[in-house]
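Here's a quick look at one model, going from the inside out. Have the structure open as you read.

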Amino acid sequence: MTMLSAIYTSYRIPSDPAEVRYNIEVLHSILSDIDFRVAQTAVRKYAVQNVSSFAPSAGEIRRLANEILFGSLQTPAQAWETVLRAVRTYGYARGGMALDSMDALTGRVVHAMGYAELCRSENQTADRAHFIKLYETERELEGAGHILPESVREAIAEIAETERKREGR
């Protein structure tokens, strides 16, 4: 909190000790599974990359920490270029090698679409549009898995299970 108030003049540390304790507890519940150095680096990265006078939210800190730990994902267009390069390099017959040449996310999307079908397709525009839509969906799901704290994922699973039981499913 001190780091945030030093960087962002609009960020104030409450004067009431009970409010300070509560703020720390809330931030801890959201960020406790992230190494302090990683969280601190995420705040510094945010400060350098954003001209906003507002401090990052806990969610933004988690997102940046995720990038630091797991790397930035390709854009959908970059991933599509990877697919086209694999098709040119490996062709139809070496689909396994083509999929191995891709990052896990791109490979999952290509596998779902069918590598052989992509090689045989004559409508690259439609394939690209379909790939980008699937890639964005997968990327969103993958990102959510890394960004959500384990405690939140467990709580969501418990709530879903309780609702299923309540509804008799």
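T106 sits in helix α7, residues 104-113; helices here are DSSP runs of H or I, at least four residues, numbered from the N terminus. This is a predicted model, so to speak of local features takes pLDDT of at least 70 and side-chain atom pairs count only at pLDDT 80 or more, while totals for chains, interfaces and linings use all residues. Numbering starts from 1 along each chain as its sequence is written, and side-chain values use heavy atoms, with hydrogens and water left out.

T106 counts as buried because its relative accessibility is 0% (buried is under 20% relative accessible area, exposed over 50%, partly exposed in between, with a 1.4 Å probe and protein chains only). Leaving aside residues up to four places away in sequence, T106 touches Q74, A79, V83, F131 and Y135, where contact means heavy atoms within 4.5 Å.

## The cores

V83, F131 and Y135 turn up again in the largest nonpolar core: along with W80, V110 and L118, they touch the most other members among its 16 residues. Such a core is a set of buried Ala, Val, Leu, Ile, Met, Phe, Trp, Tyr and Cys residues joined through side-chain atoms within 4.5 Å. Helices α5, α7, α8 (115-120) and α9 (124-147) each give it two or more residues, and α5 supplies the largest share, five. A second, separate core has 12 residues, including V38, A42, I61 and L64.

## Out towards solvent

R85 is also in α5, which spans residues 76-90. With a relative accessible area of 44%, R85 is partly exposed. Over in helix α2 (residues 17-31) lies Y22, which counts as exposed at 52% relative accessibility.
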